[in-house]
Amino acid sequence: MYKFKTIKLFTLCCVLLSVNTGLAADAYDSCINCHGEKGEKRALQRSKIIANMSKDEIVFALKGYINNTYGGPMKTLMQGKVAHLSDAQINEIAQKIGK
Ligand code: HEC
């Protein structure tokens, strides 16, 4: 009985872990078209090359778009792209793309 519970718990952890990493991959997937696979493109010839931004700058920018405290002439577009992101997803994106 004890062993059975341990295995169940272990399985649950694995599932949660893979769901987590799965979300992170998806979170940036919708950005690739404009920003490039690794953030190496200037989105619509307008954005900074986000791969050159630090992790902190990316978090700052994304939260800023959500709170309407950051952005240039095309910020409305970006606000629509990031409105649904959780803090955890923002951090994952920053880890993945930022310097
Ligand atoms: C339709 C194209 C498009 C998509 C999709 C898109 N972006 Fe952007 N992104 C832009 C543009 C254009 C800007 C510049 C907006 C402005 O004027 O502030 C920008 C700006 C940014 C910036 C700040 C860089 C700067 O120039 O200050 C970050 C960080 C960023 N995007 C991340 C993301 C992330 C993460 C996603 C996916 C959740 C995403 N973008 C999806 C076009 C896009």
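**Reading helix packing and a ligand shell**

Modeller: In this predicted model, the axes of α3 and α4 come within 8 Å and cross at roughly 100 degrees.

Colleague: How should I read that angle between α3 and α4, as parallel or perpendicular?

Modeller: Angles of 65 to 115 degrees count as roughly perpendicular, and α3 and α4 are therefore roughly perpendicular to each other. Their contact is made by Leu 62, Tyr 65 and Ile 66 on the α3 side, and by Lys 75, Met 78, Gln 79 and Val 82 on the α4 side. By residue class, this contact of α3 with α4 holds five nonpolar residues, one polar and one charged.

Colleague: At what angle does α3 cross α5, and which residues make the contact?

Modeller: The axes of α3 and α5, the helix of residues 87-97, come within 8 Å and cross at roughly 140 degrees, and α3 passes α5 in a right-handed crossing. From α3 the contact takes Lys 55, Ile 58, Val 59, Leu 62 and Lys 63, while α5 supplies Ile 90, Asn 91, Ile 93, Ala 94, Gln 95 and Ile 97. Seven of the residues in the contact of α3 with α5 are nonpolar, two are polar and two are charged. Leu 62 is listed in the contact with α5 and also in the contact with α4.

Colleague: Which residues come nearest to the ligand, and which elements give two or more residues to its shell?

Modeller: There are 24 residues around the ligand, of which Cys 31, Cys 34, Ala 43, Ser 47 and Gly 72 come nearest. The elements giving two or more residues to this shell are α2 (32-35), α3 (55-67) and α4 (75-82), and the largest share, five residues, comes from α4. The shell divides into 14 nonpolar, six polar and four charged residues.

Colleague: How many helices and strands are there in the chain, and what share of its residues is buried?

Modeller: The chain has five helices and zero strands, and buried residues make up 13% of its 99 residues. Among contacts with a separation of 6 or more, 55% join residues 24 or more positions apart.

Notes
Residues numbered from 1 in each chain as written. Predicted model: local features only at pLDDT ≥ 70, side-chain atom pairs only at ≥ 80, totals over all residues. Near = placed C-beta within 6 Å. Helix = DSSP H or I, 4+ residues; strand = E, 2+ residues; numbered from the N terminus. Nonpolar A, V, L, I, M, F, W, Y, C, P; charged D, E, K, R; others polar. Axes fitted to C-alpha atoms, helices over the stretch in contact; angles between N-to-C directions. Left-handed = near helix turned anticlockwise from the far one by under 90°. Contact = placed C-beta atoms within 7 Å. Buried ≥ 20, exposed ≤ 12 C-beta atoms within 10 Å, placed from the backbone. Parallel < 35°, antiparallel > 145°, perpendicular 65-115°, else oblique.
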